[in-house]
Amino acid sequence: MITADIHTHTTFSPDGRSSIEEMIARAQERKLEIYGISEHFNYDYDRMDLRIDGQAVPPIDEEAYFTRARALQRQYAGTLQILIGAEFGYDHDSRSLTRYCRTAEKYKPDFIINSIHTCLGMDCYFPHYCEGRSKAFAYNAYLYRVLESLDAPYPYDIVAHIGYCSRNATYPDPKLRYADFSDVIDEILRRIVRKGKILEVNTSSKTAGSPFIPDTDILARYYELGGREVSFASDAHDTERIGEKRDLVCAALKELGFTYLTVPRRGEHLHLPL
């Protein structure tokens with residue numbers, strides 16, 4: 001059984017806490033055979049000049065990242081398959097979309113993760129996203145943003161962490177349940193299947209009320225609708241979380257009928273038996 005974790009971040013991302021060399025060393029210690037780095041490209045943040053605790057979020061040094069990562073990819077060839085990816089924070093604005101398309105064309109990442117971080121003019125990761133909003137309103141707004149992102153013009157592979165808005169939600173019951181938002185979730189899942197994209201299972205669930213996001217109710221519906229392409233993601237920002245809960249995710253997926261995990265690599269889908 002090949003082991004893989006392909007959604008991770010290093011200090012090339014503004015919120016990364018371990019260097020790229022430290023992350024690779026830890027991936028080897030965890031005996032991963034495929035390790036993917038997917039640094040944040042926050043063109044949504046850039047356009048809106050969003051800040052965290054009043055501080056501007058520095059942009060990624062794209063040239064430095066891809067230069068160093070490609071060098072390490074070559075260095076470790078034969079001992080660890082390293083995939084050099086990017087996580088694009090979707091933004092509907094044409095200027096941001098053009099920037100993402102240009103980045104994809106210039107650097108040709110091995111894979112691209114498509115993510116929703118910003119919604120209603122803010123990052124919905126933070127507790128203040130819930131302030132003054134009902135859970136139904138806040139989560140619907142987020143989910144329709146996910147749906148919109150699926151038609152992004154850049155060549156993404158993975159649809160990331162559905163349920164991101166619940167990670168630090170302040171509602172008494174923060175869990176995102178299929179039954180509560182079935183109409184929009186069905187359309188999201190159908191569109192993922194139709195477009196041949198990969199649905200990510202992300203174990204950085206924080207206080208979302210689930211051990212991973214999306215939870216099994218949404219994954220079961222995805223399977224019912226014909227979805228078979230799922231990827232594993234720790235979303236690790238430091239060495240401690242690489243591969244976290246992978247066995248738990250694999251067991252849950254097998255229980256639902258899935259037989260493999262999918263790893264995208266330069267347009268190809270690698271199927272790894274569970």
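Which residues in H6 meet Ile218, Arg221 and Tyr222 in H7? In this predicted model, the residues of H6 that do so are Ile185, Asp186, Leu189, Arg190, Ile192 and Val193.

**The H6 and H7 pair**

Helix H6 covers residues 182-195 and helix H7 covers residues 216-224. Their axes come within 10 Å and cross at roughly 50 degrees. That angle makes H6 oblique to H7. The crossing in which H6 passes H7 is right-handed.

**The sheet**

The model contains an open sheet of 7 strands, ordered E1-E2-E5-E6-E9-E10-E11, and the pairing is parallel. Strand E1 (4-5) and strand E11 (230-233) stand at the edges; each has a single partner strand, so one side of each is left without a neighbour in the sheet.

| Strand pair | Sense | Bridges | Bridge partners |
|---|---|---|---|
| E1 and E2 | parallel | 2 bridges | Ala4 and Ile34 |
| E2 and E5 | parallel | 8 bridges | His40 and Glu87 |
| E9 and E10 | parallel | 2 bridges | Ile158 and Ile198 |

**Burial of strand E2**

How many of the 8 residues of strand E2 are buried? The count is 8 of the 8, over residues 34-41, so the strand is largely enclosed by the rest of the structure. Both faces of E2 are covered. One side presents Ile34, Gly36, Ser38 and His40, and the other presents Tyr35, Ile37, Glu39 and Phe41, all of them buried.

**Arg246 in helix H8**

Is Arg246 buried or exposed? This residue lies in helix H8 (residues 246-256). Its relative accessible area is 6%, and Arg246 is therefore buried, the cut-off for that class being under 20%. Arg246 and Thr203 are 43 residues apart in sequence, while their C-alpha atoms are 8.0 Å apart in space.

Methods: Residues numbered from 1 in each chain as written. Predicted model: local features only at pLDDT ≥ 70, side-chain atom pairs only at ≥ 80, totals over all residues. Heavy atoms only, no water. Pairing = 2+ DSSP bridges. Helix = DSSP H or I, 4+ residues; strand = E, 2+ residues; numbered from the N terminus. Buried < 20%, exposed > 50% of the residue type's maximum accessible area, 1.4 Å probe, protein only. Axes fitted to C-alpha atoms, helices over the stretch in contact; angles between N-to-C directions. Parallel < 35°, antiparallel > 145°, perpendicular 65-115°, else oblique. Left-handed = near helix turned anticlockwise from the far one by under 90°. Contact = heavy atoms within 4.5 Å.
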